[in-house]
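Let's take a walk through this structure, one region at a time. Have the sequence and the 3D view open as you read.

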Amino acid sequence: MRDSIRHRWVGLAAAAAAAVLVLSGCSGTAPAESESKQRVLSISTRQAPASFAIGKYGGGEIMIQTSIFDTLLAFDQQGEIVPNLAKKFEYNADRKVLTLTIRGDAKFSNGEVVDAKAVVDNLMVTFKSGSSAGFTGVETIKAQAGDRVVVTLSKPNASLVPSLAGVGGFVAAPSTLGTEAEATKPVGSGPYKLNLAKTQIGEKYVLDKVDGQWRADKFPFDHIEISVIPDITAAVNGLRSGQLDHAVGISQDQSKSLKGQFTTGVDKPTTWGNIWIADREGDVVPALGDKRVRQAINMALDRSDVEKLSPGQSHGVDQIFQADGGAYLADLKGRYPHDVRAARKLMAEAGYADGFSVTMPSTLASTQYEPFLTQSLADIGIKVKWKNVSLQDIVPNLSSKKFAMFYFPSTYSGSDALDTESALGPVFNPFGTSTPELTKLLDKANATGAKNAFADVNRYFVNEAWFAPVVANTFLWAHSKSVDYTPPKVWGYSVQPWTIAKN
């Protein structure tokens with residue numbers, strides 16, 4: 001499955017930033033009071049947006065983009081894909097033609113009309129840039145009958161629709177596309193517009209509500225302020241002082257100390273960490289080409305121990321899909337129980353009774369787990385050497401086949417199709433491993449709209465031990481009594497989880 005390195009970095013950057021929340025709590029979100037009686041939501045983030053240009057999203061706080069740019073489709077609070085700028089979307093019988101009906105009451109913040117042609121202009125920029133998942137197999141994108149956009153595929157691709165609910169579905173004013181200004185002066189179709197006078201790029205982003213926007217009543221705040229605050233202590237101090245009303249990524253101790261004065265809780269699973277066994281054909285490390293070795297790696301992991309590293313935030317997992325998703329299979333839970341003796345037996349049967357050595361990249365996202373991983377693998381004779389790699393350099397390092405296996409987090413996208421595409425993309429599958437059996441399963445999964453379409457793909461991954469999942473992370477949060485917050489299934493996509501408190 002093809003996708004661009006740029007898109008994979010989007011996911012990696014988001015996952016790494018989220019993982020560091022668990023390591024050190026490097027982010028917070030919050031509303032604060034303005035000097036006037038207007039309602040202001042203040043959100044702090046660890047990473048500023050890389051660019052506002054369509055097709056060049058390079059990571060950072062996506063809630064800024066989804067506030068400025070309406071997406072064609074959207075994830076609701078339960079993680080279901082619902083209409084948005086496209087008031088209707090449907091496939092034909094063989095799922096190779098997707099028709100989007102664009103609503104007629106949407107405008108850009110500069111007054112331009114959002115019509116089918118404007119949507120096509122944006123989708124073509126995204127498609128040609130190769131910056132978004134889900135466009136694999138797209139042959140044509142055309143406007144028809146004024147309000148319809150028709151996307152034709154060479155073969156079904158289940159990633160297309162969920163991608164249109166995220167980065168792939170951003171819609172900006174056509175007059176800004178390809179201009180130098182669009183990177184820092186976006187003109188969007190969303191419920192908010194960037195206040196250029198008050199915004200300090202890279203430090204603070206101020207958004208003003210767009211009067212008359214078609215769904216303005218869904219957003220109760222008149223202004224949104226998003227500050228780049230890379231330290232949880234600063235976020236918690238802001239919470240205590242009243243400058244911020246929501247902090248996320250706090251520790252259990254901080255949660256306990258804030259409880260009572262503030263409302264505390266936990267988000268749904270957001271990221272998951274995995275040993276990516278990339279060299280499944282044994283090109284660099286021959287042992288990894290043997291399924292028994294990969295199975296032994298899974299059995300070497302005592303996932304219950306991982307939960308002790310960040311109590312309340314780290315949870316051991318043994319499948320790469322979300323537990324409440326359609327691809328997750330309850331009968332596979334515990335398929336590889338922690339059993340060092342059985343794992344050593346598998347290693348011996350594969351001809352590696354004395355083990356082998358492997359080099360893995362050490363990043364901020366892996367540091368906390370390295371002692372656990374080193375000892376777990378050593379227990380079955382696998383000697384790990386860690387090589388320092390900066391997060392900025394991780395993509396070229398992983399995609400260049402320098403590492404036969406590596407630990408790194410990924411984000412839950414809210415879509416089994418997108419999560420599968422990510423797992424098989426050039427970063428997490430740099431050796432391009434595929435099999436006729438897997439290809440057949442993927443084609444079948446992409447050709448159906450069933451909720452459990454990718455369940456058989458998951459079964460294949462687990463039985464063949466393509467991955468060694470380790471941990472899923474949830475984030476503890478606290479907020480003031482002036483706002484309410486409902487944890488969404490798809491974390492971080494929108495500001496809609498925050499509302500004004502009723503009391």
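This is a predicted model: local features need pLDDT of at least 70, side-chain atom pairs count only at pLDDT 80 or more; totals for chains, interfaces and linings use all residues.

**A walk through the model**

Residues are numbered from 1 along each chain as its sequence is written, and side-chain values use heavy atoms, with hydrogens and water left out.

Back to Leu438, which sits in helix H13 (helices are DSSP runs of H or I with at least four residues, strands are E runs of at least two, and both are numbered from the N terminus). Not counting residues up to four places away in sequence, Leu438 touches Leu424, Val457, Tyr460, Phe461 and Trp466, where contact means heavy atoms within 4.5 Å. Asp354, on the other hand, is 84 residues from Leu438 in sequence and 32 Å from it in space, C-alpha to C-alpha.

Now look at how H13 packs. In general, two packed helices are described by the angle between their axes and the distance between the axes. The axes of H13 (residues 436-446) and H14 (residues 455-463) come within 8 Å and cross at roughly 155 degrees; axes here are lines fitted to C-alpha atoms, for helices over the stretch in contact, and angles run from 0 to 180 degrees between N-to-C directions. That makes H13 roughly antiparallel to H14 (angles over 145 degrees count as roughly antiparallel, under 35 as roughly parallel, 65 to 115 as roughly perpendicular, and the rest as oblique). The crossing of H13 with H14 is left-handed, meaning that the near helix is turned anticlockwise from the far one by less than a right angle, with clockwise being right-handed. On the H13 side the contact is made by Glu437, Leu438, Leu441, Leu442, Lys444 and Ala445, and on the H14 side by Asp456, Val457, Tyr460 and Phe461. By class, that contact has seven nonpolar, no polar and three charged residues (Ala, Val, Leu, Ile, Met, Phe, Trp, Tyr, Cys and Pro count as nonpolar, Asp, Glu, Lys and Arg as charged, and the others, Gly among them, as polar).

What is the angle between H7 and H9 where they pack? For helix H7 (residues 291-299) and helix H9 (residues 340-349) it is about 165 degrees, with the axes 8 Å apart. H7 and H9 are therefore roughly antiparallel to each other, and their crossing is left-handed. From H7, Arg292, Val293, Gln295, Ala296 and Met299 meet Val340, Ala342, Ala343, Leu346, Met347 and Glu349 of H9. The residues in the contact of H7 with H9 divide into eight nonpolar, one polar and two charged.

Next, the cores. A nonpolar core is a set of buried Ala, Val, Leu, Ile, Met, Phe, Trp, Tyr and Cys residues joined through side-chain atoms within 4.5 Å. The largest one has 61 residues, and Leu72, Val149 and Leu164 touch the most other members. Helix H3 (residues 116-129) supplies the largest share of this core, five residues. Leaving out residues up to four places away in sequence, the contacts of Leu72 include Leu85, Leu100, Ile102, Val119, Leu123, Leu164 and Val171. There's also a second, separate core of 38 residues, and among its members are Val285, Leu301, Phe372 and Leu377.

Beyond its neighbours within four places in sequence, Tyr192 is in contact with residues including Ser67, Ile68, Leu207, Val210, Phe219 and Phe221. Thr66 is 126 residues away from Tyr192 along the chain, yet their C-alpha atoms are separated by 9.0 Å.

Finally, a few loops. Lys185 is in the loop between helix H4 (160-163) and strand E8 (192-194), and counts as partly exposed at 48% relative accessibility. Arg95 belongs to the loop between strand E4 (86-91) and strand E5 (97-102), and its phi is near 60 degrees, a positive value in a residue other than glycine. Lys401, in the loop between helix H11 (394-399) and strand E17 (405-411), also has a positive phi, near 65 degrees.

Methods. Buried means under 20% relative accessible area, exposed over 50%, partly exposed in between (1.4 Å probe, protein chains only).
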